[in-house]
Amino acid sequence: MSSKPVVLIMAAGLGTRMKSDRAKVLHEVAGRTLIAWAVETARTAGAGRVVAILGHQHDKVKASLDARYGAGAIDVALQLEQKGTGHAVQCALPALEREPDDRIVVILTGDAPLLDPARVAELAGACERTPAGLALLSTVPPRPMPYGRLVRDAAGKLLKIVEHVDATPAEREILDTNAGFYAVRLGHLRRDLATLRADNAKGELYLTDLVARAAERGGATAIDAPFDEVSGINDRVDLAAVDAAARRRINARWMREGVTFVDPAATYVDADVGPLGRDVWLGPNVSLRGKTQVGDGAHVDVGSVLTDATIAAGAHLKPYSVITESAVGERAQTGPFTHCRPGTKLDEDARLGNFVETKKAHLMAGAKANHLAYLGDASIGAKANIGAGTITCNYDGFAKHQTTIEAGAFIGSDSQLVAPVTVGRDAYVGSGTTVTKDVPRGGLALSRVKQVVIEGWADRFRAAQERRKAGKPGASEH
Ligand code: UD1
Ligand code: MG
């Protein structure tokens, strides 16, 4: 391509058949909104500018684009009343005012996320080469679809597209249909859009009428694309089918990059996940969501759910590790049944075991909490050992407070650390202690009640109870 095309994304439609309170283009496939899929396709294909044509819930759709790409990075044109695809593109013309007439404009529908970016480049290239200045994607659906039909003359020249609702029975027999993706020279687009008329069954301005105009210049070029790549989403059945297809493609890509999937059909890797390193191992029912990354050789076992997590090389996440907005260091271990809430950081060789919950907790190298603990707003030094049942009492009903446990400290089982509090380096906290005051380096904190031992008490107790039972027949029934 001689210059970068502008890409328009038509996304103003209502999506009635989704039966949703959410605009169709805000529904997700593999964790990414449909509108973001279209933008990613445009950008990967080398778009200069991307203009989203929005209508239904345009404020929410724009907010999602701003959140993902930065405020204003994606231009928005508003089509407040949906009067057809031709009208949608008319609404985008003011946004193209400063573009030259020979600019190539690629037009994508916002609800077909599986389009290959290479196809967009192919479409723009075909448009550039044809004197008609218009190229489009055609497809042959495997079952009858209410798509526009491509009408050709005997020599094969494209004459027009006739919409399904406007087609004669003979025209409906045509197998080649319009997939809904176009590349057109802006000069032609400007002139031809002005000629559209709503004299059709739907009373809309059809973008597809551009094809009849291009016939006067020698005929538009149609590029055939596989139906699976171009099929759009109209209802939730389509959404699930496209989601499954997207996930198959994502998983196949990672397998080719050296990731083991024990059961690819039951492993859910979102579109924006990555990179996943060489020899990463993913067990069944693992979900990698958001912007999760996993380093070389890491092992993510059954049922683990990782959301915006960063997992370093060689980490071992045992079954049912749930890790959100957290970082797991090299060779660190979690699970089974560990819950790392946002802001957890495990340095290398740190370990969290079963039923350990963390939040804004930093465990430094080799620190471990192997069983039953809550560690929130805590800094835990290297090689510290957190016993079973340890709880950081970080919340007083009004504010959160910090617990600091320095390197090498040993926290005995069933202890509570009432924050803010610090346990010094190499100090001990005896089992069952409620720590309310700082413990100095190398010291011991102990708050348990002194133990009493009464020799022979149990023997005497049992004997007394047995005598009572023998003297009162029937007592055992109570
Ligand atoms: C369109 C094509 C049809 C093609 C089919 C493929 C026209 C007239 N017909 O039909 O030839 O076979 O796609 O899927 O173009 N949109 C707007 N504003 C509007 C109307 C639509 O932004 O006023 C957007 C929709 O949000 C959607 C896209 O344009 O993303 C396509 O619109 P849709 O109503 O689905 O067109 P189809 O009837 O499917
Ligand atoms: Mg449609």
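**From one residue to the chain**

Visitor: Is T33 buried or exposed, and why?
Guide: In this predicted model, T33 counts as buried because its relative accessibility is 15%, and buried means under 20%.

Visitor: Okay, and which strand is T33 found in?
Guide: T33 belongs to strand β3, which covers residues 32-33.

Visitor: What does T33 touch, leaving out residues up to four places away in sequence?
Guide: With those left out, T33 touches V25, L26, H27 and E28.

Visitor: Switching to the chain, how many helices and strands are there?
Guide: The chain has 10 helices, along with 36 strands. It is more spread out than a compact globule, because its radius of gyration is 32 Å, well over the 23 Å that the globule rule gives for 478 residues.

Visitor: What box do the C-alpha atoms fill?
Guide: Taken along the principal axes, the box that the C-alpha atoms of the chain fill is roughly 110 × 60 × 45 Å.

Visitor: Back to burial, then: what percentage of the 478 residues count as buried?
Guide: For the chain, 47% of the 478 residues count as buried. As for the surface, the chain exposes about 22900 Å², and carbon and sulfur atoms supply 52% of that area.

Terms used: Residues are numbered from 1 along each chain as its sequence is written. Chains are lettered from A and ligands numbered from 1 in the order in which they are written. This is a predicted model: local features need pLDDT of at least 70, side-chain atom pairs count only at pLDDT 80 or more; totals for chains, interfaces and linings use all residues. Side-chain values use heavy atoms; hydrogens and water are left out. Helices (H or I, at least four residues) and strands (E, at least two) are DSSP runs, numbered from the N terminus. Buried means under 20% relative accessible area, exposed over 50%, partly exposed in between (1.4 Å probe, protein chains only). Contact means heavy atoms within 4.5 Å. The radius of gyration is taken over C-alpha atoms; the globule rule is 2.2 Å times the number of residues to the power 0.38. Accessible areas come from the Shrake-Rupley method with a 1.4 Å probe; for residues, only the protein chains shown count as cover.
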